[in-house]
Amino acid sequence: MALNNGVPATGTGLIVSFGEMLIDFVPTVSGVSLAEAPGFLKAPGGAPANVAIAVARLGGKAAFVGKLGDDEFGHMLAGILKENGVRADGITFDQGARTALAFVTLRADGEREFMFYRNPSADMLLKPEELNLELIRSAKVFHYGSISLIVEPCRSAHLKAMEVAKEAGCLLSYDPNLRLPLWPSPEEARKQILSIWEKADLIKVSDVELEFLTGSDKIDDESALSLWHPNLKLLLVTLGEHGSRYYTENFKGSVDAFHVNTVDTTGAGDSFVGALLSKIVDDQSILEDEPRLREVLKYANACGAITTTQKGAIPALPKEEDALKLIKGA
């Protein structure tokens with residue numbers, strides 16, 4: 001069933017997002033170092049949680065699985081998920097560890113600088129036996145990143161959740177979401193990110209992640225296809241203001257970006273992923289149908305673009321009508 005402008009309808013199947021949710025502290029003034037910042041604003045974040053909220057805001061069904069601290073920030077984050085219509089019955093609270101915090105600043109050169117407080121934080125302490133397996137089994141899509149692979153016991157919980165999702169017939173969606181400061185070394189990051197590569201049905205990487213994983217500074221088809229594996233249904237490379245590229249077994253191509261007034265790129269990739277998943281969750285044949293896939297990616301690009309027009313990821317995540325309006329006006 002097609003909606004406005006040929007964009008397929010949003011699915012009703014459940015999309016479960018697994019991983020970390022944290023609070024980003026963002027300086028009240030841009031272009032200064034963390035030490036120079038006069039004050040900070042709280043911004044809820046964490047890529048898998050952003051994806052879940054993106055799905056729900058676009059009219060899809062989402063749940064989040066992860067661990068938060070049994071503290072004010074942890075309960076605040078669980079509340080934000082619920083307010084945004086995301087199921088929170090996959091969340092556990094840790095009595096002994098705090099909710100993760102990250103101080104993020106936009107330097108004068110536009111690059112983001114991160115300082116993380118995780119020593120260890122609650123999300124790192126999720127154990128396999130604490131997983132809500134029924135919730136995971138009821139999903140049609142299971143989405144995750146790589147930050148949950150860094151340390152035990154969360155790594156084992158991640159691998160167990162993936163295995164249960166795969167056995168239940170879920171589509172496995174992977175966005176590595178590279179955060180180098182959290183890894184012991186770049187080599188370890190590359191090794192662990194690639195350790196679960198072959199399991200995913202759908203993978204989305206940014207241009208920066210493509211360069212990191214391939215060790216090549218070329219962002220072209222050859223470089224992207226070096227990441228292809230036989231079980232993969234769709235490989236996506238997001239290129240910021242240059243749109244996105246897609247690769248399947250039978251076809252490949254690119255979809256242009258929408259030009260908007262960019263304020264903050266945080267969450268744009270998560271918005272893109274949430275939009276894509278919400279459209280294919282009930283109808284995976286879209287992944288083999290290039291014209292329909294292009295419509296979905298155009299919609300995902302529109303959602304990503306809108307997310308960059310205001311500060312913070314979650315407040316900026318669009319509703320479906322916002323994206324359709326941007327597509328119509330373009």
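**Close-up views of a predicted model**

View 1. Strand 2 (residues 22-27) and strand 6 run parallel and are joined by 3 bridges. Ile-23 has Leu-101, in strand 6, as its bridge partner.

**View 2. Phe-103 and Tyr-117 form an edge-to-face aromatic pair.** The whole structure contains 10 aromatic pairs. In the pair shown here, the ring centres of Phe-103 and Tyr-117 are 5.4 Å apart, with 65° between the planes. Phe-103 belongs to strand 6 (residues 101-106) and Tyr-117 to strand 7 (residues 112-117), so the pair ties together parts that are 14 residues apart in sequence. Phe-103 is buried, at a relative accessible area of 17%, whereas Tyr-117 is partly exposed, with 46% relative accessibility.

**View 3. Five aromatic residues form one cluster.** The members of this aromatic cluster are Phe-18, Phe-142, Tyr-144, Tyr-174 and Trp-197.

**View 4. Arg-190 lies over the face of Phe-212.** The distance from Arg-190 to the ring centre of Phe-212 is 4.4 Å.

**View 5. Tyr-299 is a member of the largest nonpolar core.** This core has 58 residues, of which Leu-276 and Tyr-299 touch the most other members. Helix 9 (residues 290-307) gives the most to the core, contributing 9 residues. Apart from this core lies another, of 43 residues, including Leu-135, Ile-136, Ala-200 and Leu-213.

**View 6. The surroundings of Tyr-299 include a lysine over the ring face.** Lys-279 lies over the face of Tyr-299, at 4.7 Å from the ring centre. With residues up to four places away in sequence not counted, Tyr-299 touches Val-7, Leu-58, Ala-275, Ser-278, Lys-279, Glu-320, Ala-323, Leu-324 and Ile-327.

Terms used:
Residues are numbered from 1 along each chain as its sequence is written. This is a predicted model: local features need pLDDT of at least 70, side-chain atom pairs count only at pLDDT 80 or more; totals for chains, interfaces and linings use all residues. Side-chain values use heavy atoms; hydrogens and water are left out. Rings of Phe, Tyr and Trp (its six-membered ring) pair if their centres lie within 6.5 Å; planes under 30 degrees apart count as stacked, over 60 as edge-to-face and the rest as tilted. Helices (H or I, at least four residues) and strands (E, at least two) are DSSP runs, numbered from the N terminus. Buried means under 20% relative accessible area, exposed over 50%, partly exposed in between (1.4 Å probe, protein chains only). A charge sits over a ring if NZ of Lys or CZ of Arg is within 6 Å of the ring centre and within 35 degrees of the ring normal. A nonpolar core is a set of buried Ala, Val, Leu, Ile, Met, Phe, Trp, Tyr and Cys residues joined through side-chain atoms within 4.5 Å. Contact means heavy atoms within 4.5 Å. Two strands pair if DSSP finds at least two bridges between them.
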